[in-house]
Amino acid sequence: MPSPNHHCTPEISRRALVAGAAAGAMCTAASAAFAQQGAPTPRAKGPQVWLDMDQKELDDAYDQAVYAPNAAQLHKRREANSEGVRSRLGPPLRVAYGASPIEMLDIYQTKRPNAPIMVFIHGGAWRAGLAKDFADSAELFVHAGAHFVVPDFINVIEAGGSLMPMAEQVRRAVAWVHNNATSFGGDPNRIHVAGRSSGAHLAGVVLITDWKALGVPDDVVKGALLSSGMYDLKPVRLSKRSSYVKFTDEIEHALSTQRHLRRINCPVIVAHGTYETPEFQRQSRDFAAALKAAGKPVQLLVGVGYNHFEMPETLGNPYGLLGRAALQQMRLTPV
């Protein structure tokens with residue numbers, strides 16, 4: 001008597017084999033992705049360096065690639081989306097805010113007169129990134145009736161390892177926007193700032209600026225949205241980022257926003273994703289808690305299921321976690 005498989009044709013057998021191979025490949029890829037997202041590899045734990053972390057754990061906690069295996073894909077998508085925004089809105093107004101070649105602003109202008117302004121500080125681990133590649137959220141603000149301004153600034157490598165030139169340039173960029181807002185149809189009394197990753201760190205530094213030294217009012221910033229940032233540099237200094245950042249006691253203290261809460265005088269939205277590194281989550285939680293304890297208006301947003309590079313994509317969506325929050329803070333209605 002023929003076996004049950006006697007009537008199976010070679011075509012069906014090949015399909016089954018292909019399907020089985022594909023399923024196996026998918027399982028292998030999924031396993032690899034899971035491993036990259038933090039599945040522990042057995043190893044001997046070293047001496048504690050920060051909280052309960054040894055050196056490798058701390059280094060990994062400040063290395064986004066360890067927790068975001070799709071980072072390269074998201075970088076390409078952001079750059080492509082930025083190109084798409086320029087194709088629809090047109091090229092930005094490009095103006096200088098300082099003397100050096102890098103000190104330039106991209107201004108995506110809304111048609112509304114005397115409009116509020118969002119100054120966006122890009123990220124890139126302090127060592128990468130250009131304004132042109134961070135235009136992906138511009139449409140949201142322009143169509144809602146706000147100007148979207150993205151400054152270029154020196155990176156830490158070009159600055160010889162110091163974060164101070166970056167902080168100083170970003171501060172001068174915000175001061176320039178205030179002093180020249182009317183030249184591009186902006187309202188100098190309605191400036192907001194936003195930042196992501198190392199840009200959120202720099203945007204936090206903006207909030208603790210001595211504005212009188214720059215000739216602008218103390219309340220120049222009316223609100224801030226800080227996504228996935230760092231607000232105390234002590235653990236960062238202990239991590240492998242110190243291989244390219246020349247931290248000093250002075251820089252650590254001066255550029256740790258959480259140590260200067262008394263200078264903050266505007267509402268702050270702090271955000272992080274649940275798939276971010278443990279330190280970027282902790283930094284956000286601790287900063288938001290410190291602001292609340294100091295009596296400052298603060299809102300903590302948690303993006304469930306988002307990693308470090310996926311969170312910023314919600315800023316360009318009026319119904320996304322960050323986009324909705326930014327528009328509400330600026331009292332704008334999505335279009």
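I looked up the largest pocket and found that about 470 Å³ of space lies in it. I worked on a predicted model, in which local features need pLDDT of at least 70, side-chain atom pairs count only at pLDDT 80 or more, and totals for chains, interfaces and linings use all residues. Residues are numbered from 1 along each chain as its sequence is written, and side-chain values use heavy atoms, without hydrogens and water.

I noted the terms: on a 1 Å grid over the protein atoms alone, a pocket is an open set of points with protein on both sides within 12 Å along at least five of seven lines, a cavity is a set where a 1.4 Å probe fits but cannot get out, and lining residues have an atom within 4 Å of a point. A volume is the space filled by probe spheres set on the points, which are joined across faces, edges and corners.

I listed the pocket lining of 23 residues; closest to the centre are His 75, Gly 124, Ala 125, Arg 127 and Phe 309. By class I recorded 7 nonpolar, 8 polar and 8 charged, where Ala, Val, Leu, Ile, Met, Phe, Trp, Tyr, Cys and Pro count as nonpolar, Asp, Glu, Lys and Arg as charged, and the others, Gly among them, as polar. Helix H4 gives the largest share, 3 residues; helices are DSSP runs (H or I, at least four residues) numbered from the N terminus.

Definitions and conventions:
Helices (H or I, at least four residues) and strands (E, at least two) are DSSP runs, numbered from the N terminus.
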